[in-house]
Amino acid sequence: MSRIVRNAEATVAIVLAVVWISPLLFAFWAAFHSTSDAINFNLLAPWTLDNFRIAWAGAPWLRYFLNTFILVTIVLAGQFVLTTLAGFAFAQLRFPGKDVVFILVLMQLFILPEVLIVENYAMVSRLGLFDTILGVGMPYMASAFGIFLMRQAFKSVPIELHEAAKIEGCSLLGILWRVYVPLARPTYLAYALVSVSTHWNNFLWPLIVTNSADTRPLTVGLSIFGAPESGVNISVISAATLMTVAPLLIAFLVFQRQFVQAFLRTGIK
Amino acid sequence: MAKGINIERRRQAIYGWLLLFPAGVLLSLFAFYPTIATFWASLFSRGTRRRPSEFLGTENYAALFNDPTFWTVVQNNLLYAAVTVPVSIGIALAMALWANSKIPARGFVRTAYFTPTVLPMIAAANLWLFFYTPGLGVLDQIGGLFGLESVNWLGRPETALWAIIIVTIWKEAGFFMIFYLAALQTIPEDLREAADIEGASRWTYTRRIVLPLLMPTTLFIMVNAMINSVKLIDHLFILTKGGPNDASKLILYYIWEMAFAFFDAPSAAAMTVLILLVLCIVASIQFFLIDRRTHYQ
């Protein structure tokens, strides 16, 4: 009896898994077939790369890829510097007012940047950063979440190492750089994976702040390319979609374990 | 000696504030100041070239409460939250229990569940477009096999929001699954053996032992899911644009539309303040409910 239940359960689990990736499978199928073959599910139809050719010619994808790449790089670089400094201050230094400031930072966890689009847009324009990649990335650099994460990582570093480095004559920043940063490497890796995949996929804010092909990231480019007004068919949209998700998807499939670990490490507070 | 301690203390204070300074500046520019400015802007009228903006007090809020679209959008968002939060948590739990049990092709199953998490919402929307397109889409073709009529899933007010909800659940469930997976792996094996010896069925074991132990994780996921029900709106831009007749419009999308399509910044500000209030409530749930529970352990 219990074996039947168990088999039934395994079947349901596998069926659900197939259902779950079916949108991706259908897109894959459509991208490599002509539109009429794709929607008729003509299983013997010839495979073709035409959709990719049409999609590639339809928008400055190389530029979009470059923009997204620059965006995730500067966001990550900014986050590393700012959250390391602030996280260290919260974890290892004692000074008056620290707790109040820390609560203020925690509050930002719930003030989503997405919600403040109107005023952040005004701020970015005021700073002269409208339609720049820096303007897209800047609101995310001082991430409260990252500061919290780094604080936790630095708190777990044994104080003996700190004392030893101090006796050796290391300055405070030297200790941070030589002792804390190397020991927090797994946290940095985890944070990097989460940050890159978040900002690779971000849409609403870049949509608002960018206004030209020179700054637009992939997600915004894809939404313009796939808009019904542009009149491209489903096979070409599928091809473009696969193109834009390919780098992250392939990276995920290769480094799956690290990805999942990263999401777990950064998610469990 | 006392002097040395004093100097050390002052040094720490100076270093502390210096280290916080860069992050503090950016947080002020892009979180604290905008929050206050939003609240302030919600109290003034829209300034035009001829008429400068003037203080209105709560009039923008009153206008918002008289706007039927606002209530439609609030209702939509409540339904969106009321469905996506429990359903994606339920599916995530089932996925985690399966991905943690001894089933064939476990690696494939886990990967399949998690994959939507790494896709951009915009790409996900494009993938689902292929399912929903009337006549040609996968759903209609499957329906056609059973002799069902073609349905314009995204174009009908009765189904548009549900189509949006399904995409959100699809995107979220695999993400929440991994938190459950992590929690499941911390449950000691002895408990299962003890349950076996006592002759408890697997169902009893799951219901009486596993689910209570997963409670803190569930609350943590719930807070995340509630935040997501405000935040996850990217697919609206591709699938429905809030239509037809606002039937699938959600609050954040409406804020975007108010501010950047209708250029009505004060109304957008008033709505933003209301969302921030809701997020405050979610934050207090997190602090008072969840933190207490984890301390309790």
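A: Let's start with B:K241, which sits in the loop between α11 and α12 of chain B. Before going further, a word on the model: it is predicted, so local features need pLDDT of at least 70 and side-chain atom pairs count only at pLDDT 80 or more, while totals for chains, interfaces and linings use all residues. As for labels, residues are numbered from 1 along each chain as its sequence is written, and chains are lettered from A and ligands numbered from 1 in the order in which they are written. Helices (H or I, at least four residues) and strands (E, at least two) are DSSP runs, numbered from the N terminus.

B:K241 isn't a glycine, yet its phi is positive, at about 55°. It counts as partly exposed because it has 15 C-beta neighbours inside 10 Å. On that scale, a residue is buried with 20 or more other C-beta atoms within 10 Å of its own, exposed with 12 or fewer, and partly exposed in between, with C-beta atoms placed from the backbone. B:N245 is also placed in the loop between α11 and α12 of chain B. Here too phi is positive in a residue other than glycine, near 55°. With 11 other C-beta atoms within 10 Å, B:N245 is exposed.

Now zoom out to chain B. Its secondary structure comes to 13 helices and zero strands. Of its 297 residues, 41% count as buried. The C-alpha atoms fill a box of roughly 80 × 75 × 30 Å along the principal axes. The radius of gyration of chain B is 25 Å, whereas a compact globule of 297 residues would come out near 19 Å; that radius is taken over C-alpha atoms, and the globule rule is 2.2 Å times the number of residues to the power 0.38. Contacts in chain B with a separation of 6 or more come from residues 24 or more positions apart in 69% of cases, where a contact means that two C-beta atoms, placed from the backbone, lie within 7 Å.

On the α5(B) side you'll find B:M121, B:A124, B:A125, B:W128 and B:Y132, meeting B:A163, B:V167 and B:K171 of α7(B). By class, that contact has seven nonpolar, no polar and one charged residues. Ala, Val, Leu, Ile, Met, Phe, Trp, Tyr, Cys and Pro count as nonpolar, Asp, Glu, Lys and Arg as charged, and the others, Gly among them, as polar.

Next, the partner. Chain A has 15 helices and zero strands, and 45% of its 269 residues count as buried. Its C-alpha trace spans about 75 × 65 × 30 Å along its principal axes.

Where the chains meet, the contact takes 65 residues from chain B and 70 residues from chain A. Elements giving two or more residues to the side of chain B that touches chain A include α1 (2-41), α11 (234-239), α12 (251-260) and α13 (265-296) of chain B. The most comes from α1(B), with 18 residues. That side of chain B has 54 nonpolar, nine polar and two charged residues.

One residue on the chain A side is worth a stop: A:F110, in the loop between α5 (98-108) and α6 (117-126) of chain A. Leaving aside neighbours within four places in sequence, A:F110 is in contact with B:L279, B:C280, B:V282 and B:A283. A:F110 counts as buried, with 20 C-beta neighbours inside 10 Å. From A:F110 to A:A144 it's 34 residues in sequence and 9.5 Å in space, C-alpha to C-alpha.
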